[in-house]
Amino acid sequence: MKRIISLFSVVVVFLLFSCSSSNHLILKVEEHKKLSQPLAPPLEYSTIADVGDVGYKAMLTYADGFLYVGNLDGEVYQIDPSRQRKRLVVEFNDEPIESSVAVDGGYLFVGTNKGRLYKVDIRSGKVVAKRQFGFPVLGRIYARSGKLYITLENDTLYCLNEDNLAVVWKYVHGEYNMLDIRGVSGILFGDDGLYVGFDDGSVDKVSYRGDQVWEAQVGEGSMFIDSDTTPQGSTERIYITSVNGYTEAVSKEDGSLIWKRKISTYSNLDKSIFGLYLADQEGAVCCLDESGGETIWRTRLSEQGNIYSIRVVGKVVFALSEEGKLVALDYLSGRIMDIKDLGDEFSSPMLYAHKKLFVVSRDGEIYSIFSK
């Protein structure tokens, strides 16, 4: 897989196949820049562990030098990325894990599809507290200032006491609809409230007492309009999007609309001082101007909307397609700087830690992506 690539401009023809047909686009590596940043093209990768089949949007968690992830067999692993070793922390039989886990103070917090939330001593693997809910625990789990924040399948957001998992408050968004796709939005924590998306295409601002401050609609239609992407924020604005609908900037104070674009995405949002980045449903990576939403650049990478992960590191935008094509783009121009074929299927977001990108494939292979 390794090949020597000049640091000067090169042109390499590379085939990027769509995930469900033999059609393809021809992508060209347009330039390699010698960037003075920790992660930059040319790139290389390796697999560091196999943790078994994981959920559709499984997310790696990083804490104290280790990676953590749960799988569909109910196992939670700790991975040492430097030594490429894994350790089984705990196992819950017949309890698939699709949520990410949280780590704080030597404890692991993990939710399952059976609606259970566990607090586990990381060193011993013993369960020290647990709570039963009526719906699966999905999305990310956050540990902040002695509180846990979790979302359930029925569009309910909980704030819990980290010590004993007692409920501090809960926020219920609308009525649960069995026909909706399960939401997996992350939470953006602000100074005066938190921001979270739901499967009816809306994003709510919720106070730290559990009260609704405002609700903004970003989806279009009545079904399959989830706002699954973690909102992004600036000083005065919140950026939100939907899998079917719009990408919008709204006021942080009252949720009023600032600008709106007819762009839907399966990927996460990310931003830099230059712009807002996302992958649209036509297989292109876009950079939008934050002030007015205009398209600064748009680079087509795939024939289908199968780019599930976007990550900006310094001056490079990394995009990962479902079929494992990792593309590095210049964050100012959208020019393709490098392409790597990881040869696996992905639907999870990428994590940046230790000057590397980490991502888990659908079958549980954990990949480390680094500069050559």
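How many residues line the largest pocket, and which of them lie nearest its centre? Keep that in mind while you set up the view. The model is predicted, and for this reason local features need pLDDT of at least 70 and side-chain atom pairs count only at pLDDT 80 or more, whereas totals for chains, interfaces and linings use all residues. Residues are numbered from 1 along each chain as its sequence is written, and side-chain values use heavy atoms, with hydrogens and water left out.

**Stop 1: the pocket**

Select Met59, Arg140, Tyr142, Thr230 and Pro349, which lie nearest the centre of the largest pocket among the 40 residues that line it. A pocket here is an open set of points on a 1 Å grid over the protein atoms alone, where a 1.4 Å probe fits and protein lies on both sides within 12 Å along at least five of seven lines; lining residues have an atom within 4 Å of a point. The volume is about 920 Å³, taken as the space filled by probe spheres set on the points, which are joined across faces, edges and corners. Next, colour β4 (61–63), β8 (102–104), β12, β28 (307–313) and β32 (351–353), each of which supplies at least two residues of the lining; the largest share, six residues, comes from β12. Strands are DSSP runs of E with at least two residues, numbered from the N terminus.

**Stop 2: the sheet that holds β12**

From β12, move to the open sheet of four strands in the order β12-β13-β14-β15, where the pairing is antiparallel; two strands pair if DSSP finds at least two bridges between them. The edge strands are β12 (137–144) and β15 (167–172), each pairing on one side only. Neighbouring strands of this sheet are turned by 15° against each other on average, direction ignored, with axes fitted as lines to C-alpha atoms and angles running from 0 to 180 degrees between N-to-C directions. Between β14 (residues 156–161) and β15, which run antiparallel, there are five bridges, and Leu160 stands opposite Val167 in β15.

Now select Val172, also in strand β15. Val172 counts as partly exposed because its relative accessibility is 44%, where buried means under 20%, exposed over 50% and partly exposed in between, with a 1.4 Å probe and protein chains only. Setting aside residues up to four places away in sequence, Val172 touches Asp155 and Thr156, contact meaning heavy atoms within 4.5 Å. Val172 and Asp155 are 17 residues apart in sequence, yet their C-alpha atoms are 6.4 Å apart in space.

**Stop 3: the hairpin of β6 and β7**

Select residues 75–80 (β6) and 85–91 (β7), which pair in the antiparallel sense over six bridges, with Asp80 opposite Arg85 in β7. Four residues lie between the strands of this hairpin, and Gln84 takes a positive phi near 55°.

Within β6, pick Gln78, which counts as buried because its relative accessibility is 11%. Beyond its neighbours within four places in sequence, Gln78 is in contact with several residues, including Phe66, Arg85, Val89 and Ile122.

**Stop 4: the sheet that holds β28**

Finish at the open sheet of four strands ordered β28-β29-β30-β31, with antiparallel pairing. At its edges stand β28 and β31 (336–341), each with a single partner strand, so one side of each is left without a neighbour in the sheet. Further in, β29 (residues 316–321) and β30 (residues 325–330) run antiparallel and are joined by five bridges, and Phe318 stands opposite Ala328 in β30.
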